[in-house]
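These are my notebook entries on a structure that I looked up. I began with its nonpolar core and then turned to its sheets.

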Amino acid sequence: MAMLNLFQEMENMQREMDDLFRGIGFGRVPEASFATTAGGRGYPSVNLREEEDHLSVDARLPGIDPQALEITVMGNTLTLAGERHRAGEENATWHRRERGAGRFLRAIDLPAVVDVEAVGADYQDGILTVTLPKAASARPKRIAIKAH
Amino acid sequence: MSDKDLNIQKENELTEGRRVDSWLSPAVDIFENEEKLTLVADLPGVAKERLNLGIDQGILTIEALAPASGGGAGSYREFGTTGYHRRFQLPDTLDFDQVGADLKDGVLTVTLPKTAAARPRRIEVTVH
């Protein structure tokens, strides 16, 4: 099929570009595909930020139904689990299928004790942000000094 | 190569002098049926204002920026501010005036209808 050949041609070009850039140490890498744990990291990739009174975890989860996402906190571990469904029509002619699908689970160790009851989550533009307020015992406390 | 060289130079300056930590080729699905070709790309963290999508001389270009929240003390990062860039040569059997694009939950869907001439046509046989 003519169309198929055109796309393959681009694929080769892409690969050449990737190789070219890799050769000179350029930071352009193909995005880690779904469910691979290459490099010792899991899916989804996360950022964790610690503020004075809360922890914030951002996870890259494009195209997920937020209702089907399971977020649990137990002790010092935050667990993100869910499933990404296969998109597109099955009886179509496929030229590329790089976006993965399937179940995922990632456990993240938290650096502080959090208040499990007050954990909140927000999903926007394919980024899940979990805000975990620290437990009172984990927050810095200013001690007032009485002067006599 | 310095970061300055990597900024996408466009009239609608996508990166606005921001430091881009990494450039990625977004993962895509491409499939076609009788009426259209569909391209689906994962662009997590990209808002509509930070997506540049264009077709020029039969080449579809996807350029996008996903700003990551700032670092600071006590942070652990697996991804930073990410720029996405990928180009595709499109077959000329597509109707470029009817292209549709939709961005939802970090997933871009581009619909490229085929020209009438490229669609399969059923020919009725008249039996006498």
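**Entry 1. Terms.** I take a nonpolar core to be a set of buried Ala, Val, Leu, Ile, Met, Phe, Trp, Tyr and Cys residues joined through side-chain atoms within 4.5 Å. I count a residue as buried when its relative accessible area is under 20%. I also note that the model is predicted.

**Entry 2. Chain A as a whole.** I looked up the secondary structure of chain A and found 1 helix and 9 strands. Read from the N terminus, the order of elements is α-β-β-β-β-β-β-β-β-β. Chain A has 148 residues, of which 37% count as buried.

**Entry 3. The cores.** Which residues of the largest nonpolar core touch the most other members? This core holds 21 residues, and I list V57(A), L61(A), L78(A), L80(A), L110(A), L128(A) and L132(A) as those with the most contacts to other members. Two or more residues each come from β2 (46-50), β3, β5, β7 and β9 of chain A. I recorded a second, separate core of 20 residues, which includes V46(B), A64(B), Y84(B) and V110(B). As background, nonpolar side chains tend to be buried together in soluble globular proteins.

I next asked which residues L110(A) touches, not counting those up to four places away in sequence. The contacts of L110(A) are L48(A), L55(A), V57(A), V73(A), N76(A), L78(A) and L132(A).

Entry 4. I traced an open sheet of 5 strands in the order β8(A)-β9(A)-β3(A)-β2(A)-β6(B), with antiparallel pairing. Its edge strands are β8 (120-124) of chain A and β6 (75-77) of chain B, each of which pairs on one side only. On average, neighbouring strands of this sheet are turned by 15° against each other, direction ignored.

**Entry 5. Strand β9(A) and its partners.** Is β9(A) largely enclosed or largely open? I find β9(A) largely enclosed by the rest of the structure, because 5 of its 7 residues are buried. On one pairing, β9 (residues 127-133) of chain A runs antiparallel to β8(A), joined by 5 bridges. Within this pairing, Y123(A) stands opposite L128(A), and Q124(A) has I127(A) as its bridge partner. β8(A) and β9(A) form a hairpin with 2 residues between them. In the turn, D125(A) has a positive phi of about 50°.

I also followed the pairing of β9(A) with β3 (residues 54-60) of chain A, which is antiparallel and has 7 bridges. There, S56(A) stands opposite T131(A).

**Entry 6. The three-stranded sheet.** I noted an open sheet of 3 strands in chain A, in the order β4-β5-β7, with antiparallel pairing. Its edges are β4 (70-74) and β7 (102-109) of chain A; each has a single partner strand, so one side of each is left without a neighbour in the sheet. Neighbouring strands here are turned by 15° against each other on average, direction ignored. β4(A) pairs with β5 (residues 77-84) of chain A in the antiparallel sense over 5 bridges. In this pair, I found M74(A) opposite T77(A).

Definitions and conventions: Residues are numbered from 1 along each chain as its sequence is written. Chains are lettered from A and ligands numbered from 1 in the order in which they are written. This is a predicted model: local features need pLDDT of at least 70, side-chain atom pairs count only at pLDDT 80 or more; totals for chains, interfaces and linings use all residues. Side-chain values use heavy atoms; hydrogens and water are left out. Two strands pair if DSSP finds at least two bridges between them. Helices (H or I, at least four residues) and strands (E, at least two) are DSSP runs, numbered from the N terminus. Axes are lines fitted to C-alpha atoms, for helices over the stretch in contact, and angles run from 0 to 180 degrees between N-to-C directions. Buried means under 20% relative accessible area, exposed over 50%, partly exposed in between (1.4 Å probe, protein chains only). Contact means heavy atoms within 4.5 Å.
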